[in-house]
Amino acid sequence: MEEVRIGIVGFGNIGSAHASCIYENNVEGLRLTAVCDINLDKRKRAERKYPDIEVFSDYKELVDSKSVDAVLIAVPHRLHTVVGIYALNAGLHVLTEKPEAVSVTEAKKMNEAAQKSNCVFGIMFNQRTNTLFQKARDMIHTGSLGELKSLIWIVTNWYRTQEYYDSGGWRATWKGEGGGVLINQAPHNLDLMQWIFGMPDRVYAFCNVGKYHNIEVEDEALIYGMYNSGATAVFIASTGEYPGTNRLEISGDQGKMVLENGTLKYWKYDIPERYYCFHAEQYEEMPKIKYQEFFESEKEIGHRGILQNFSDAILKGTPLLAPGEEGIFELSISNSAYLSSWTDKVVEIPFDDDMFNRMLEEHTKTSPTNKSITDEKLSSSYKKRWEVNW
């Protein structure tokens, strides 16, 4: 295979942006050959903009058309696994938008289908392409911080207006999105948290519903993660603060790092803090510190970087930067956070899938059917809100 013929299911804001990126030959090895959307106006728009590709109204017709080798999924969250499993079972490579699913149960089904298919399965965790996050991960995994103590991530710069939530009937509903800031905006950060710091073993969380907007899901969340090692993680996310903050701080017994404003600040101790704590004879003789700063080694390549990596994985066997199967990790954190908030209890990971599914279904049943919907404005370009946005 010299090129990958790719079809996009879902021609909304992000789907149309991906289509434009691929069609304009910004991704080596990928060629846009098909688009699918249930909305007639969006299909007509795709036909006008890309007259030489096929346009479908049913994802099954696209998958079965023999016109594509791979599928990019950009539909509402609950449909990610529906489309993905069908495409994987048909022998097509799959790249899905985040989150992988709404529930861990559905993510497990998608992962099983991917493993059986022997196809490339990726997920659009585009912030993994940021070189500062990659640097932080490498430093921690190679022991630069020593034994990990704590992570604190304040990521409150996901600001959204009421008009944003009203721009689609599926937005900010249990029935459509399956949650709020934790399932829509914060999956990137929850993924990076576990990718860099590791998965928590227990979670206690507060998810505040409609605190800043007229919505039925949370627009503010606080997660307290506990690790069997004794380490802790505090994660705070909100779509109701402006301009908000994006500050990640990680401490270990041999150093500390802070990522903020496009800079990674690193403090390295000359002796481990835990050793110093119990062996120092004079309090004034604090450990000596070596301070360094790191900046992004190249401009964030975001979505295009994940698309290129996906193409290279199919054509060249390049390892995926964001394997689709890893989508279950951040989903485990958000699912457990919802379950903790609903029950006001500490939740172990892995948790009771059946209990979560039952409680999610209860919330889904109360989802309103008369949610305001305005016409979605498609820009067909990547927006700053999808970037790290320091």
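## Contacts and the nonpolar core

Two residues are in contact when they have heavy atoms within 4.5 Å of each other. The structure described here is a predicted model.

The largest nonpolar core holds 60 residues, and the members that touch the most others in it are Leu182 and Phe235. If residues up to four places away in sequence are not counted, Phe235 touches Trp153, Val155, Leu182, Ala186, Asn189, Leu190, Met193, Ala221, Leu222 and Ile223. Another core, of 32 residues, lies apart from the largest one; Ala70, Leu72, Val120 and Trp386 are among its members.

How many residues of H8 are buried? The helix is mostly covered, with 11 of its 11 residues buried. H8 spans residues 187-197. Its buried residues are Pro187, His188, Asn189, Leu190, Asp191, Leu192, Met193, Gln194, Trp195, Ile196 and Phe197.

Which elements do the buried residues of H8 pack against? Two are helices, H6 (131-141) and H11 (327-343). The others are the strands S7 (148-155), S9 (218-226), S10 (232-238) and S11 (246-252). Just after H8, Gly198 has a positive phi of about 105°.

Arg137 belongs to helix H6. Leaving out residues up to four places away in sequence, Arg137 touches Trp195 and Ile196, both of which are listed among the buried residues of H8. Arg137 itself counts as partly exposed, because its relative accessibility is 29%. From Arg137 to Ser311 the separation is 174 residues in sequence and 24 Å in space, taken C-alpha to C-alpha.

## Two helix pairs

Two packed helices are described by the angle between their axes and by the distance between those axes. Helices H4 (residues 80-89) and H5 (residues 104-117) pack at an angle of about 15°, and their axes are 9 Å apart. Because angles under 35 degrees count as roughly parallel, H4 is roughly parallel to H5. The crossing in which H4 passes H5 is left-handed. On the H4 side, the contact is made by His80, Thr81, Gly84, Ile85, Leu88 and Asn89. On the H5 side, Glu106, Ala107, Lys109, Met110, Ala113, Ala114 and Ser117 take part. By class, this contact has 6 nonpolar, 5 polar and 2 charged residues.

How do H11 and H12 cross, and at roughly what angle? Their axes come within 10 Å and cross at roughly 70°. An angle from 65 to 115 degrees counts as roughly perpendicular, and H11 and H12 are therefore roughly perpendicular to each other. In H11, the residues that meet H12 are Asn335, Tyr338, Leu339, Trp342 and Thr343. Their partners in H12 are Met355, Phe356, Met359, Leu360 and His363. This contact has 7 nonpolar and 3 polar residues, and no charged residues.

## Backbone details in the loops

Lys98 and Pro99 are joined by a cis peptide bond with omega of about -10°. Pro99 lies in the loop between strand S5 (93-96) and H5, the helix that packs with H4. A cis peptide bond also joins Ile349 and Pro350, with omega of about 5°. Pro350 is in the loop that runs between strand S15 (347-348) and helix H12 (353-365).

Asn25 is not a glycine, although its phi is positive, at about 60°. Its place is the loop between helix H1 (13-23) and strand S2 (30-36). Ala172, which is not a glycine, has a positive phi of about 55°. Ala172 sits in the loop between helix H7 (162-166) and H8.

Is Asn25 buried or exposed? Exposed means over 50% relative accessible area, so Asn25, with 65%, is exposed. Buried means under 20%, so Ala172 counts as buried at 2% relative accessibility.

## A partly exposed loop residue

Gln282 is found in the loop between helix H9 (273-279) and strand S14 (289-295). Its relative accessible area is 44%, and Gln282 is partly exposed. Gln282 and Pro243 are 39 residues apart in sequence; in space they are 44 Å apart, C-alpha to C-alpha.

Conventions:
Residues are numbered from 1 along each chain as its sequence is written. This is a predicted model: local features need pLDDT of at least 70, side-chain atom pairs count only at pLDDT 80 or more; totals for chains, interfaces and linings use all residues. Side-chain values use heavy atoms; hydrogens and water are left out. Axes are lines fitted to C-alpha atoms, for helices over the stretch in contact, and angles run from 0 to 180 degrees between N-to-C directions. Helices (H or I, at least four residues) and strands (E, at least two) are DSSP runs, numbered from the N terminus. Angles under 35 degrees count as roughly parallel, over 145 as roughly antiparallel, 65 to 115 as roughly perpendicular and the rest as oblique. A crossing is left-handed if the near helix is turned anticlockwise from the far one by less than a right angle, and right-handed if clockwise. Ala, Val, Leu, Ile, Met, Phe, Trp, Tyr, Cys and Pro count as nonpolar, Asp, Glu, Lys and Arg as charged, and the others, Gly among them, as polar. A nonpolar core is a set of buried Ala, Val, Leu, Ile, Met, Phe, Trp, Tyr and Cys residues joined through side-chain atoms within 4.5 Å. Buried means under 20% relative accessible area, exposed over 50%, partly exposed in between (1.4 Å probe, protein chains only).
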